[in-house]
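Subject: Structure for you to look at

Hello,

Here is the structure I said I would pass on. Please open it first and keep it beside you while you read the notes.

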Amino acid sequence: MINIQSITLREIRLALKEVFQISSGSEADRRIFLLQLKDADGIESWSECVAGSSPNYLPETIDVAWLAIKKWVAPRVLGRNFQNPEDVQPILEKDFRGYNMAKAAIEMGAWELAAQKRDVSLSRLLGGTRDQVATGISLGIQASPEALVQKVRASLEEGYRKIKIKIKPGQDIDYVQAVRDELGEEAPLMVDANNAYSLNDLEHLKRLDQFGLIMIEQPLGWDDVVQHATLQKQLKTSVCLDESITGLDKAQAMVTLGSGRIINIKPGRLGGFQTSIAVHNFCQEHDIPVWCGGMLESGVGRSYNVALASLPNFVIPGDISPSARYWEQDIIEPEWIMDKNGMIDVPVERPGMGVKIDPDRVENLTVRCEQLVSN
Ligand code: OSB
Ligand code: MG
């Protein structure tokens, strides 16, 4: 039984080690939205709302998500009895459209409460089967092809199992070409365009086929599944959808229409674990491989991604990098680390997400805080 008595909303600032540039904007000083859920039994969980500071990825932003949690999400869950964590998602979905990242932050925190109460790891509660998950790195758009080659080379040497290159028109073909020329055919490369192209760029996008990429992520419209189907028919390379897959219905549409062959699962974008597991299972039944995306999360959000990526159909390395890729110092203990083979251990021997939050450090980094209580 879960009964959430209070929810503390907290914004902290954490500077990224390097600016992260994608086709639609850039991030330097991350505004990180953390939540603390307290259960009636005194158990506490930390979770993270992954909404960004501006609406350049999806419409939901940190400020909007904060409001949505306060006005609509928290009132539905505070003081309510949930037998199982599976019961939270239907309560948040009924007559309540959108705000998936706001919903996910609470829903996932409820799963963490349940894992602690049942004294099992979050991974195993979700149905995870892996003891380790493969890392990948998402490299922002670089100033020159040479700069990108250096980054990719260093990442491969560190052990990353997949390299994702952010692209946009003008910083695409030459960049990938340089990496292939310098680092060879074997390097596990993919690109992510974050909607920077349209079907007018069809001939241009076809040029990416020559590079043997694992996939091209979200080349077209952020909520499109129709034009991606037209594109996929013309490309040899697999299209992977990220932004467009905001629910199980969109994954079904992708399969029906042939809009892509791979899905990037981000639990925040999908409204939490319940829907993420549903999409994972649906894809498994339809031979669609999935991988776990990232949202430049702190170690807290990363814990949830590691647990989810331990499910069996996460067969492609995720955008899951160790803490040191992002931060001088993370807010968790121990930090997420990878071994020489580019693997991260899933903490299956520890209850819940398996890491501790440093409360004093979080307090020092806090720029706003608000507590919501059950009445
Ligand atoms: O498109 O996958 C994306 C970060 C913010 C917003 C969108 C995306 C990303 C990433 C970062 O690619 C992945 C990571 O957390 O390392
Ligand atoms: Mg993406």
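First, the conventions. This is a predicted model, in which local features need pLDDT of at least 70 and side-chain atom pairs count only at pLDDT 80 or more, while totals for chains, interfaces and linings use all residues. Residues are numbered from 1 along each chain as its sequence is written, chains are lettered from A and ligands numbered from 1 in the order in which they are written, and side-chain values use heavy atoms, with hydrogens and water left out.

Metal site

Which residues coordinate the magnesium ion (ligand 2)? They are Asp192 (OD), Glu217 (OE) and Asp242 (OD), at 2.2 to 2.3 Å. Donors here are N, O and S atoms within 2.8 Å of the metal (3.2 Å for Na, K and Ca); water is not among the atoms, so the site may look incomplete. Along the sequence the donor residues follow the spacing D-x24-E-x24-D. Asp192 is in strand E8 (residues 189-192), and Asp242 is in the loop between strand E10 (239-241) and helix H9 (248-257), so this pair ties together parts that are 50 residues apart in sequence. Helices (H or I, at least four residues) and strands (E, at least two) are DSSP runs, numbered from the N terminus.

Are these two aspartates buried or exposed? Asp192 is buried, at 1% relative accessible area, and Asp242 is buried at 0%. Buried means under 20% relative accessible area, exposed means over 50%, and partly exposed is in between (1.4 Å probe, protein chains only).

Salt bridges

A salt bridge is a side-chain nitrogen of Lys or Arg within 4 Å of a carboxyl oxygen of Asp or Glu. By this rule the count is 23. Two of the metal donors, Asp192 and Glu217, belong to a network in which salt bridges with shared partners join Lys162, Lys164, Lys166, Asp192, Glu217 and Asp319.

- Glu297 and Arg302 meet at 3.4 Å, N to O. Glu297 is buried, with 4% relative accessible area, and Arg302 is buried as well, at 1%.
- Asp131 and Arg124 meet at 2.7 Å, N to O. Asp131 is partly exposed at 48%, and Arg124 is partly exposed at 31%.
- Glu203 and Lys206 have their closest N and O atoms 3.5 Å apart. Both are in helix H7, three residues apart, which is about one turn of the helix. Glu203 is exposed at 53%, whereas Lys206 is partly exposed at 28%.

Helix H8

Which residues of helix H8 (residues 227-234) are buried? His228, Ala229, Leu231 and Gln232 are. They cover an arc of only 160 degrees around the axis, which puts them on the same side of H8. The arc is taken from the directions from the helix axis to the C-beta atoms. The cover over these buried residues includes helix H7 (202-206), E10 and H9.

Two contact lists

Contact means heavy atoms within 4.5 Å. Ile137, in strand E6 (residues 137-139), is buried at 5%. Leaving aside neighbours within four places in sequence, Ile137 is in contact with Ser155, Tyr160, Lys162, Ile163, Lys164, Ser321 and Arg325. Asn100, in helix H3, is buried at 14%. With residues up to four places away not counted, Asn100 touches Glu60, Thr246, Gly268, Arg269, Leu270 and Gly271.

Surface patch and backbone

Val64, Leu67, Trp72 and Tyr99 make a nonpolar surface patch of about 330 Å². Patches are made of residues with over 30% relative accessible area and no salt bridge; like charges are joined within 9 Å and nonpolar side chains (Val, Leu, Ile, Met, Phe, Trp, Tyr) within 5 Å. Accessible areas come from the Shrake-Rupley method with a 1.4 Å probe, and for residues only the protein chains shown count as cover. Trp72 is in helix H1 (residues 62-77) and is partly exposed at 35%. Tyr99 is partly exposed at 31%.

Most residues other than glycine have a negative phi, and most peptide bonds are trans. Tyr99 has a positive phi of about 55 degrees, and its place is in the loop between H2 and H3. Asp95, in the loop between helix H2 (88-93) and helix H3 (100-118), has a phi near 50 degrees and is exposed at 57%. A cis peptide bond, with omega about -10 degrees, joins Glu333 and Pro334. Pro334 is in the loop between strand E13 (332-333) and strand E14 (343-345).

Regards
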